[in-house]
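Have a go at each one before reading the worked solution.

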Amino acid sequence: MKDFNFYAPTEVVFGEQSEEQVAALVKKYGGTKVLVHYGGQSAKRSGLLNKICGLLSDDGVEYVTLGGVVPNPRLSLAQQGIELCRKEGIDFILAIGGGSVIDSAKCIGYGVPFEGNVWDIYMGKAQPKTMLPVAAVLTIPAAGSEMSESSVITNEDGDVKVGYSNNLSRPKFAILNPRRTMTLPPYQTAAGVTDMMMHTMERYFTKDDDMDFTTDLAEAALRSIKNAVFPVLKNPEDYRYRAQIMWGGSLMHNDLTGCGAIGDWATHQLEHELSGMFDVTHGAGLAAIWPSWARYTMHENLSRFVRFAVNVMDVPNDFTDPEGTAEKGIQAMERFYHAIGMPINIKELIGKDITDEEIKEMVRKCSRNNTITCGNLKVLKAEDMEAIYKMARG
């Protein structure tokens with residue numbers, strides 16, 4: 001068991017009336033002039049953007065808006081946001097949307113007080129000392145960015161997608177209204193569930209398997225979300241199960257399900273190159289990579305894969321064949337992915353065969369020209385990354 005610090009300072013306001021508190025919350029955390037950051041037209045069509053802006057205005061909180069965030073949020077828009085915030089004297093950023101919008105808001109928050117290029121922070125060349133406070137009105141449960149210290153940004157110059165984590169970026173508050181998720185398309189709902197489950201699976205598959213309480217929490221969270229997705233796909237307006245998914249997405253990425261262990265995170269890093277190259281949905285990309293990663297690494301802690309198969313995927317435990325039980329657990333996960341409309345390999349994800357040249361380019365980016373590794377359950381060198389991509393090609 002590893003020593004750990006658990007830090008989750010975000011105030012969560014959950015429920016159907018949660019949005020009504022937005023102006024008071026902004027003021028509580030020091031905001032006087034707000035950048036309202038959002039994505040495409042859905043925030044406008046739903047009326048949520050107008051409602052939030054109206055609530056701010058009615059309570060005397062000044063704001064300016066910046067839309068245009070897309071999945072795999074772009075550095076160029078964040079840089080526009082940085083300049084806008086400096087010009088307008090913004091002191092608080094409010095993201096309305098899902099993980100992409102929140103991540104873009106965090107990038108802007110880092111960049112406003114930073115004297116250099118904000119991309120240097122994501123590339124590990126600089127460390128921020130402060131940032132503008134960020135908060136979220138969540139509409140897409142998936143990324144968990146509303147409670148996490150993480151953000152991921154794509155630099156269009158070279159299609160490089162990089163994540164960065166710093167406790168400075170944990171949102172001051174998160175407003176979670178499950179009714180705002182009822183219009184999500186089935187594919188987006190399923191990809192979101194895949195993403196949030198993977199946040200806990202990245203922490204679960206570890207060599208540190210002596211923190212039983214954390215492991216039990218992780219397994220319970222995975223079972224709950226796995227069981228909630230089917231009622232929601234059948235009835236998108238099922239408030240009870242929408243609420244389970246929304247709350248689960250936050251808790252599965254605020255570090256609670258990984259306390260006392262060192263997580264892996266290789267699947268995420270491998271997927272970042274897929275979505276950077278092909279601009280695919282992040283959750284779907286995770287589903288396309290994970291089965292191959294699991295088969296490649298399961299012997300590093302076979303008992304953990306057996307436990308996952310039995311306690312999460314309901315596979316009978318064949319005590320005479322632990323490897324067979326682990327494999328059946330991976331197969332059960334593949335069936336689950338297909339049942340909710342997710343791919344299980346790259347061909348299913350992008351609709352074509354991936355070339356050897358494309359794989360080599362992803363390996364080059366993931367390994368930073370063979371200068372870094374990824375993963376902790378099994379430390380992956382460039383040749384390991386290439387092997388997993390080839391296993392996952394379909």
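**Exercise 1.** Which residues does Ser275 touch, not counting residues up to four places away in sequence?

*Ground rules.* This is a predicted model, where local features need pLDDT of at least 70, side-chain atom pairs count only at pLDDT 80 or more, and totals for chains, interfaces and linings use all residues. Residues are numbered from 1 along each chain as its sequence is written, and side-chain values use heavy atoms, with hydrogens and water left out.

*Solution.* 
- Step one: find Ser275 in helix α10. Helices here are DSSP runs of H or I with at least four residues, and strands are runs of E with at least two, numbered from the N terminus.
- Step two: look for contacts, meaning heavy atoms within 4.5 Å. With residues up to four places away in sequence set aside, Ser275 touches Asn72, Lys161 and Val280.
- Step three: check the accessibility. Ser275 has 2% relative accessibility, so it counts as buried (buried is under 20% relative accessible area, exposed over 50%, partly exposed in between, with a 1.4 Å probe and protein chains only).
- Step four: pick a distance. From Ser275 to Gly163 the C-alpha atoms are 13 Å apart, for 112 residues along the chain.

**Exercise 2.** Describe how α11 and α16 pack, then see what surrounds α16.

*Solution.* 
- Step one: get the geometry. Helix α11 (residues 282-297) and helix α16 (residues 382-391) have axes that come within 8 Å and cross at roughly 125 degrees. The axes are lines fitted to C-alpha atoms, for helices over the stretch in contact, and angles run from 0 to 180 degrees between N-to-C directions.
- Step two: name the arrangement. The pair is therefore oblique; angles under 35 degrees are roughly parallel, over 145 roughly antiparallel, 65 to 115 roughly perpendicular, and the rest oblique.
- Step three: assign the hand. α11 passes α16 in a right-handed crossing (right-handed if the near helix is turned clockwise from the far one by less than a right angle, left-handed if anticlockwise).
- Step four: list the contact. From α11 come Ile289, Ser292, Trp293, Arg295 and Tyr296, and from α16 come Asp384, Ala387, Ile388, Tyr389 and Met391. They divide into 7 nonpolar, 1 polar and 2 charged (Ala, Val, Leu, Ile, Met, Phe, Trp, Tyr, Cys and Pro count as nonpolar, Asp, Glu, Lys and Arg as charged, and the others, Gly among them, as polar).
- Step five: look at burial. Ala382, Asp384, Met385, Glu386, Ile388 and Tyr389 of α16 are buried. Their cover includes α10 (266-278), α11, α14 (346-350) and α15 (356-366).

**Exercise 3.** Which hand does the crossing of α4 and α5 have, and which does that of α7 and α9 have?

*Solution.* 
- Step one: take helix α4 (residues 75-88) and helix α5 (residues 99-111), whose axes come within 8 Å and cross at roughly 50 degrees. That makes α4 oblique to α5, and their crossing is right-handed.
- Step two: inspect that contact. Leu75, Ala78, Gly81, Ile82, Cys85 and Arg86 of α4 face Ser104, Cys107, Ile108 and Gly111 of α5. The tally is 6 nonpolar, 3 polar and 1 charged.
- Step three: turn to helix α7 (residues 186-204) and helix α9 (residues 239-251), which pack at about 40 degrees with axes 10 Å apart. That makes α7 oblique to α9, and the crossing is left-handed.
- Step four: inspect the second contact. Thr189, Val193 and Met196 in α7 meet Arg242, Ile245, Gly248 and Gly249 in α9, giving 3 nonpolar, 3 polar and 1 charged.

**Exercise 4.** Which residues of the largest nonpolar core touch the most other members?

*Solution.* 
- Step one: define the set. A nonpolar core is made of buried Ala, Val, Leu, Ile, Met, Phe, Trp, Tyr and Cys residues joined through side-chain atoms within 4.5 Å.
- Of the 65 residues in the largest core, they are Met201, Trp290, Trp293, Phe308 and Tyr337.
- Step three: zoom in on Trp290. Its contacts, not counting residues up to four places away in sequence, include Met198, Phe205, Thr267 and Met333.
- Step four: find the other core. A second, separate core of 36 residues includes Cys85, Ile90, Tyr110 and Val112.

**Exercise 5.** Where is Asp314 found, and is it buried or exposed?

*Solution.* 
- Step one: Asp314 is in the loop between α12 (302-311) and α13 (322-339).
- Step two: its relative accessibility is 59%, so Asp314 counts as exposed.
- Step three: check the backbone. Phi of Asp314 is near 60 degrees, a positive value in a residue other than glycine. Most residues other than glycine have a negative phi.
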